[in-house]
Amino acid sequence: MAREVLGLGKQLAAEATCPLCLDLFAQPVLTACGHSFCGQCLEGVLGDPPRRAACPQCRAAVEPGSLRPNRSLGAMAGLARALEEVAARPLCPEHGELLALFCEPCAAPLCALCQDGPGHRQHRVRPADEAARELRETLQSNLLFLQKQKEKLKPKGDQKTDDLLMTVVSEAQRVRDTFEELQQFLKEQEKIFLAQLERMSQELLEKSHEYSSRVSERDSLLDTVIAQIEEKRDQPVVEFLMDVGKILSSCEAAKAPIPEPVSPELQRSVESLSEMSQLIVDMVAKFKVNLQKQIDSEKETVMLDPETASPHLTLSEDYKTIRLGGGKQNLPDTSKRFTGSPSVLGSRGFTSGRHYWELEVGKGNSWAVGVALESVQRKESLSLAMGKIWALRLDWDDQYRALRMPPVLLEVREELHRIRVHLDYEAGRVTFYNAESMTQILQFEATFTEKVFPYFWLWSRETHIQLCD
């Protein structure tokens with residue numbers, strides 16, 4: 001029915017169309033020759049001021065005062081315009097009727113035939129115009145409320161971000177200034193201490209040169225005195241006694257001890273500087289250790305728990321390295337031990353805080369590292385335990401994957417050798433980094449409600465996993 005009405009509307013619109021502007025009549029007027037035009041269109045033909053003109057359709061003379069309003073044609077044009085507006089409204093895709101109704105439970109427009117169908121017969125149905133009017137008011141009310149919320153929320157968010165950014169910038173500058181002051185202080189102390197060592201070195205060289213000169217002079221004196229004695233001892237008595245006293249004086253001078261090259265005072269000065277140097281070395285080493293310890297407060301020393309290790313895995317004596325053994329070991333099958341997969345846990349679990357540990361993997365594949373819940377399945381296969389494991393895995397095809405169900409392929413551009421696993425318990429994050437470049441590889445989001453342990457899986461004899469200190 002709606003399509004038939006719309007078809008009649010098109011015919012009506014064709015009859016109610018002005019031949020000049022080709023649009024529906026607007027305030028149409030009738031000429032003496034019986035033709036109708038929009039009043040404004042015919043005014044353009046008659047000119048300003050109006051004058052006699054030819055009818056645009058039959059070329060008969062049209063006098064300005066002869067025009068009469070064609071009200072019935074104007075009403076027909078209004079009706080055609082209303083039908084066009086109805087025709088512009090969407091039709092029911094199933095029945096081809098106008099969507100003039102609205103089903104409230106389904107929140108969907110309907111036609112009259114849809115209303116009688118089994119899907120909407122028991123629903124509350126209202127006229128579409130009435131429902132649209134009320135829903136527009138509801139949307140407008142929501143719009144005003146949300147706009148107010150946005151005005152309140154945005155400044156707070158921006159202010160909080162600005163405050164945090166200012167804190168970060170301030171801390172960065174404070175750290176930069178502190179390290180610059182420390183570097184300047186160390187440079188000054190280095191300069192002072194090196195100057196003392198340089199002076200001591202110069203004094204030792206001078207003493208060494210002085211001692212060498214005295215030894216050389218004594219050697220020459222000894223040669224002279226020995227030659228004089230050898231010549232004097234066989235001379236006649238009177239000639240022998242004439243200058244023997246001079247030779248005896250030379251003998252005494254030649255027998256006098258040569259002073260030591262390093263005096264006790266100089267030796268004590270060198271020893272004191274050496275002790276100070278050792279003190280500086282020890283203090284700097286201790287400072288580095290303490291500073292690193294304070295900065296790296298999240299770093300954990302992880303060891304493997306042999307009671308959880310699969311019988312197929314071999315652990316090193318220090319519980320730091322995992323390898324796949326040559327066969328299944330005869331180990332007690334306790335509730336803690338993995339028997340369904342070649343897995344092992346760390347010896348210490350976490351129930352709060354931020355922690356990280358690092359490990360190295362060999363050149364082979366078929367390994368996985370990450371974290372697992374204390375309640376992880378230990379007697380089932382790895383696929384059945386994945387719901388409680390968050391790990392990074394290198395598969396047999398040398399592809400890195402996020403260990404979930406199903407595993408997700410990762411785009412890792414560099415081969416991984418040293419990996420950092422970071423656990424943020426409260427935030428529920430497990431993040432993996434390439435420890436050599438500190439590039440993030442993977443991050444899991446989770447909610448932890450029980451103890452979380454470091455987790456390791458290995459299924460290749462060509463590689464190993466080694467925990468770093």
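This is a predicted model: local features need pLDDT of at least 70, side-chain atom pairs count only at pLDDT 80 or more; totals for chains, interfaces and linings use all residues.

Reader: What makes Ser366 buried or exposed?

Author: Ser366 has a relative accessible area of 11%, and the cut-off for buried is under 20%. Ser366 therefore counts as buried.

Reader: Where is Ser366, and what is its phi?

Author: Ser366 lies in the loop between strand E12 (354–361) and strand E13 (367–373). Its phi is positive, about 60°, although Ser366 is not a glycine. Most residues other than glycine have a negative phi.

Reader: And Ala107: why is it called buried or exposed?

Author: Ala107 comes in at 55% relative accessibility, and exposed asks for over 50%, so Ala107 is exposed. Ala107 also has a positive phi, about 50°, without being a glycine. You'll find Ala107 in the loop between strand E6 (101–103) and strand E7 (108–110).

Reader: Which peptide bond is cis, and how do you know?

Author: Look at omega: it is about 5° for the bond joining Asp48 and Pro49, a cis peptide bond. Pro49 sits in the loop between helix H2 (39–46) and strand E3 (53–54). Most peptide bonds are trans.

Reader: How does the radius of gyration of the chain compare with that of a compact globule?

Author: A compact globule of 469 residues would be near 23 Å, but the chain has 52 Å. Its C-alpha atoms fill a box of roughly 185 × 80 × 40 Å along the principal axes.

Methods:
Residues are numbered from 1 along each chain as its sequence is written. Side-chain values use heavy atoms; hydrogens and water are left out. The radius of gyration is taken over C-alpha atoms; the globule rule is 2.2 Å times the number of residues to the power 0.38. Helices (H or I, at least four residues) and strands (E, at least two) are DSSP runs, numbered from the N terminus. Buried means under 20% relative accessible area, exposed over 50%, partly exposed in between (1.4 Å probe, protein chains only).
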